[in-house]
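Here is a friendly briefing to read with the model open beside you.

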Amino acid sequence: MELSGTPQKVVTARAAGLVACTRCARAWPLETEVCGRCGAKLVSRDVNSLQRVWALWLVGLMCYVPSNIYPMLRTQQLFSVDESTIVGGAVDLAHHGAYGIAAIILVASVVIPLGKFWAIAFLALSVRQKGGYASRHRLLMYEVVEYIGRWSMIDIFVVAILSALVQLQGLASITPGPAAFFFALSVIFTMLSAQSFDPRMIWDAEADTDEVSGHG
């Protein structure tokens with residue numbers, strides 16, 4: 001009889017002779033090449049997954065740096081032109097009492113992108129290590145990174161809305177700065193980097209750990 005506190009051995013689908021379709025989640029024998037339900041190509045593990053993850057991650061990081069250096073907004077009012085970066089614009093909003101909007105911009109444009117960079121790098125490094133981190137926690141982190149990716153473009157939406165509203169007034173004009181382009185590229189590449197990660201490798205690392213501990 002197995003005690004409830006006893007850790008259970010992890011058996012991956014590949015070890016059980018199965019391969020799961022990443023599109024419809026149907027399991028097939030390991031030698032199956034095409035899913036009989038949806039027609040997708042079946043691959044037990046994406047051997048080039050980590051290479052694509054790191055390549056896209058690096059490009060996203062390179063685009064994120066200029067997105068915080070160059071101006072995000074360029075405001076022209078009569079004969080004066082004002083340019084503000086992401087952080088500078090949030091600080092200006094805070095000085096005018098818009099603390100909530102400033103906090104949203106900082107979280108969406110600074111905290112979340114940096115957190116995504118850290119999380120993707122952590123996942124890519126952790127699957128190369130044996131043990132040390134619970135697989136369910138790493139899988140939860142992966143799901144969170146994928147979920148928040150759809151909200152990462154909020155800064156670009158704010159710039160677009162402000163540009164449309166202010167230009168309708170006729171007294172001033174707001175145009176996106178070069179940082180908006182780099183920020184959009186950074187978001188796109190980090191989303192592609194997260195989607196390139198094969199989460200099945202998380203369970204491979206735990207299965208390898210069980211084998212090592214079993215032989216010990």
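What follows is a short tour of a predicted model, grouped by topic.

The protein chain contains 7 helices and 5 strands. Of its 216 residues, 36% count as buried.

**The overall layout**

- Reading from the N terminus, the elements of the protein chain follow the order β-β-α-β-β-α-α-α-α-β-α-α.

- Is cysteine 63 buried or exposed? Its relative accessible area is 10%, so cysteine 63 is buried, the cut-off being under 20%.
- Serine 67 has a relative accessibility of 0% and therefore also counts as buried.
- The side chain of serine 67 makes a polar contact of 3.3 Å with the side chain of asparagine 68.
- Over in helix 6 you will find alanine 179, which is buried with a relative accessible area of 0%.
- Cysteine 63 and alanine 184 are 121 residues apart in sequence, yet their C-alpha atoms are 8.6 Å apart in space.
- A second pair to look at is alanine 179 and tyrosine 64: they are 115 residues apart along the chain, and 8.8 Å separates their C-alpha atoms.

**Helix 2**

- Which residues of helix 2 are buried? In this helix, which spans residues 86-95, they are Ile86, Gly89, Ala90 and Ala94.
- Seen down the helix axis, these buried residues fall within an arc of 140°, so they line one face of helix 2.
- At the start of helix 2, threonine 85 has a side-chain oxygen that comes to within 3.1 Å of the backbone nitrogen of glycine 88.
- Just after helix 2 comes glycine 97, with a positive phi of about 90°.

- Helix 3 covers residues 99-126, and serine 126 belongs to it.
- With a relative accessibility of 1%, serine 126 counts as buried.
- What does the side chain of serine 126 reach? It reaches the backbone oxygen of leucine 123, at 3.0 Å.
- Tryptophan 203 sits in helix 7, which runs over residues 200-215.
- Tryptophan 203 counts as partly exposed, at 30% relative accessibility.
- Between the C-alpha atoms of tryptophan 203 and valine 127 there are 8.5 Å, although 76 residues separate the two along the chain.

**Cysteines and disulfides**

- As background, a disulfide is a covalent bond between the sulfur atoms of two cysteines.
- How many disulfides does the model have? The count comes to 0.
- Cysteine 24 counts as partly exposed, at 22% relative accessibility.
- Cysteine 38 also counts as partly exposed, with a value of 27%.

- How can empty space be found at all? Rolling a probe the size of a water molecule over the atoms shows where it is left.
- The second largest pocket has a volume of about 320 Å³.
- This pocket is lined by 16 residues, and those nearest its centre are Ala20, Thr22, Asp198, Pro199 and Arg200.
- Helix 1 (49-69) and helix 6 (178-196) are the elements that each give two or more residues to the lining of this pocket.
- By class, the pocket lining has 7 nonpolar, 4 polar and 5 charged residues.
- The structure also holds 2 cavities of 30 Å³ or more.
- The second largest cavity has a volume of about 30 Å³.
- Which residues line the second largest cavity? They are Val53, Ile120, Leu123, Tyr142, Ala194 and Phe197.
- The lining of this cavity has 6 nonpolar residues, with no polar and no charged ones.

Note on methods
Residues numbered from 1 in each chain as written. Predicted model: local features only at pLDDT ≥ 70, side-chain atom pairs only at ≥ 80, totals over all residues. Heavy atoms only, no water. 1 Å grid on protein atoms, 1.4 Å probe; cavity = no way out; pocket = protein on both sides within 12 Å on 5 of 7 lines; lining within 4 Å. Points joined across faces, edges and corners; volume = space filled by probe spheres on them. Helix = DSSP H or I, 4+ residues; strand = E, 2+ residues; numbered from the N terminus. Nonpolar A, V, L, I, M, F, W, Y, C, P; charged D, E, K, R; others polar. Disulfide = S-S within 2.5 Å. Buried < 20%, exposed > 50% of the residue type's maximum accessible area, 1.4 Å probe, protein only. Arc of directions from axis to C-beta. Polar contact = N/O pair within 3.5 Å; in protein donor to acceptor, adjacent residues only side chain to side chain.
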